[in-house]
Structure formats: C-alpha cells, structure tokens
Amino acid sequence: MKYIHLFTLLICLPLFFTGCEEKRVTVSYPEYEAAFRNPMKGFREFFAPGRDRIRPEYPEPYGSMVKEYMQWNMLEDDPADGVDNIISYSNHRWKGVEDMNVKVIPRVFLVWVEPWHGGTPKDPAIPDDLVGWHWPKGLAPQVSPYKQIPGSVGAYVEEKDKYIPITGGYFDPSFPERVENW
C-alpha cells in the first residue's frame with residue numbers, strides 16, 4: 001500500500017509546481033484484498049521431470065511459473081531436425097499448462113553436472129531424465145584432464161595433464177555453428 005501512495009505522490013508532484021497552485025488533487029484507490037500473481041517474478045516449486053510424478057494439484061495454487069529444463073538432444077538431435085521436434089517435445093512436457101494459467105520458462109542445456117564434478121550418465125530407461133550429458137549427434141562428448149576430488153564437487157588437474165586441452169563438446173569446432181543454426 002505504501003508503494004501505491006508513493007507512486008501517486010510522484011505522479012501528482014508535478015501538479016504542485018505547475019500553474020495549479022491552489023488546487024490539490026488526491027487520488028485514493030480501494031484496497032485490493034486478493035494476492036497478486038506476480039507476472040514477472042512469480043513463485044515456483046521445484047519439479048524434477050522424469051523423476052517426480054506430476055501430482056493432480058501441481059503446481060501449487062500460488063505457483064505462477066515453471067522453469068522447465070529441456071535436454072538439447074530431445075529438441076534437436078540431428079542438424080537436419082526441424083521445429084517439429086521442439087513442438088512435439090514441448091507438447092509432451094507442457095501438456096495442460098494453459099489450463100493451470102502458468103508460464104513456462106524453457107531452459108535448454110547440454111550437461112546437467114560435469115563428470116569431474118560428480119555428474120553421472122543419463123539413465124536410458126528415463127527419457128526425460130535431466131541427469132547426465134545430452135550432446136546431440138555429430139558433437140563428440142567433452143573430454144578434459146579434470147578429475148573429481150573424492151567426496152567433493154571440486155576438481156583438479158594433475159601436473160602431468162596440465163597441458164592437455166579440453167576437446168569435444170563446447171570445444172568441438174562445429175559447436176558454434178551448430179548453436180548459431182539452431
């Protein structure tokens with residue numbers, strides 16, 4: 001409520017310094033009792049696609065947005081793939097979202113957690129599994145000299161491997177062109 005008064009004051013302030021010296025305008029708005037569904041920030045709850053079952057009440061009534069992590073290879077696995085894959089996968093993942101009046105923020109990714117930070121391969125039995133690496137065909141998986149520190153998410157490079165370059169993945173020569181064409 002303070003912000004509405006401050007906003008009103010800022011709008012009416014120029015009126016005080018114009019030719020209307022003697023007339024003052026006061027604007028009062030009725031109080032809005034219901035909560036706002038904040039369209040720019042919103043609330044969201046965590047949902048792990050492929051692992052968590054969608055509950056009948058999902059999302060919670062206060063939820064106004066869902067952040068959807070989408071594996072690159074599910075949207076485009078071959079450079080010749082068209083927009084049909086994106087539409088098909090989006091329809092599969094977002095079925096009924098219009099009825100819930102929820103916004104979806106798509107986030108496309110290639111690697112959930114790097115192997116040298118404790119990442120594990122994708123489980124082929126779970127098609128929507130986020131875990132693992134999701135390199136499309138034609139891009140070699142990333143290979144690097146990093147090794148995981150046991151019992152940690154940290155990584156290190158052994159002295160003998162410090163000049164070994166990272167290859168494949170993001171460092172594949174065709175990667176920038178593939179991203180640009182996508």
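Figure 1. Met70 has Val108 in strand 2 as its bridge partner. The model is predicted: local features need pLDDT of at least 70, side-chain atom pairs count only at pLDDT 80 or more, and totals for chains, interfaces and linings use all residues. Residues are numbered from 1 along each chain as its sequence is written, and side-chain values use heavy atoms, with hydrogens and water left out. Strand 1 and strand 2 run parallel and share seven bridges. Two strands pair if DSSP finds at least two bridges between them. Five of the seven residues of strand 1 are buried, so this strand is mostly covered. Buried means under 20% relative accessible area, exposed over 50%, and partly exposed in between (1.4 Å probe, protein chains only).

Figure 2. Along the sequence the pattern reads α-β-α-α-α-β-β-β-α. Of the 182 residues, 27% are buried. Contact means heavy atoms within 4.5 Å. Among contacts with a separation of 6 or more, 63% join residues 24 or more positions apart.

**Figure 3. Confidence across the model.** The average pLDDT of the protein is 77, and 72% of the residues score at least 70. pLDDT is the predictor's confidence in each residue, from 0 to 100. Among the elements, strand 4 (residues 155-157) has the highest mean, 90. Helix 1 (residues 2-16) has the lowest, 56. Where pLDDT is low, the predicted coordinates should not be read in detail.

**Figure 4. The largest nonpolar core.** Six residues make up this core: Trp72, Leu110, Val111, Trp135, Leu139 and Phe175. A nonpolar core is a set of buried Ala, Val, Leu, Ile, Met, Phe, Trp, Tyr and Cys residues joined through side-chain atoms within 4.5 Å. Phe175 is buried, at 12% relative accessible area. Not counting residues up to four places away in sequence, Phe175 touches Trp72, Leu110, Trp135, Leu139, Gly169 and Tyr170.

**Figure 5. The aromatic pair of Trp135 and Phe175.** The structure holds seven aromatic pairs. Rings of Phe, Tyr and Trp (its six-membered ring) pair if their centres lie within 6.5 Å; planes under 30 degrees apart count as stacked, over 60 as edge-to-face and the rest as tilted. Trp135 sits in the loop between strand 2 (103-109) and strand 3 (146-148), and Phe175 in helix 5 (residues 175-181), so the pair ties together parts that are 40 residues apart in sequence. Trp135 is buried, with a relative accessible area of 12%. Ring pairs also link Trp72, Trp135, Tyr170 and Phe175 into a cluster.

Figure 6. Tyr89, Ser90 and Arg93 are the buried residues of helix 3 (residues 83-93). They lie on the same side of the helix, because they cover an arc of only 100 degrees around the axis. That arc is taken from the directions from the helix axis to the C-beta atoms. The cover over these buried residues includes strand 1 (65-71) and helix 2 (72-75). The face turned away from the buried side carries the exposed residues Asp84 and Asn91.

**Figure 7. Met74 and its surroundings.** Met74 belongs to helix 2. Its relative accessible area is 25%, so Met74 is partly exposed. Leaving aside neighbours within four places in sequence, Met74 is in contact with Asn85, Tyr89, Lys122, Pro127 and Asp128.

**Figure 8. His134 in its loop.** His134 lies in the loop between strand 2 and strand 3. It is buried, with a relative accessible area of 0%. Not counting residues up to four places away in sequence, His134 touches Gln71, Trp72, Asn73, Phe109, Leu110, Lys122 and Asp129. Between His134 and Lys122, twelve residues apart along the chain, the C-alpha separation is 8.0 Å.

**Figure 9. Asp161 in its loop.** The loop between strand 4 and helix 5 holds Asp161. Asp161 is buried, at 8% relative accessible area. Its contacts, leaving aside neighbours within four places in sequence, are Pro145 and Lys147.

Definitions and conventions: Helix = DSSP H or I, 4+ residues; strand = E, 2+ residues; numbered from the N terminus.
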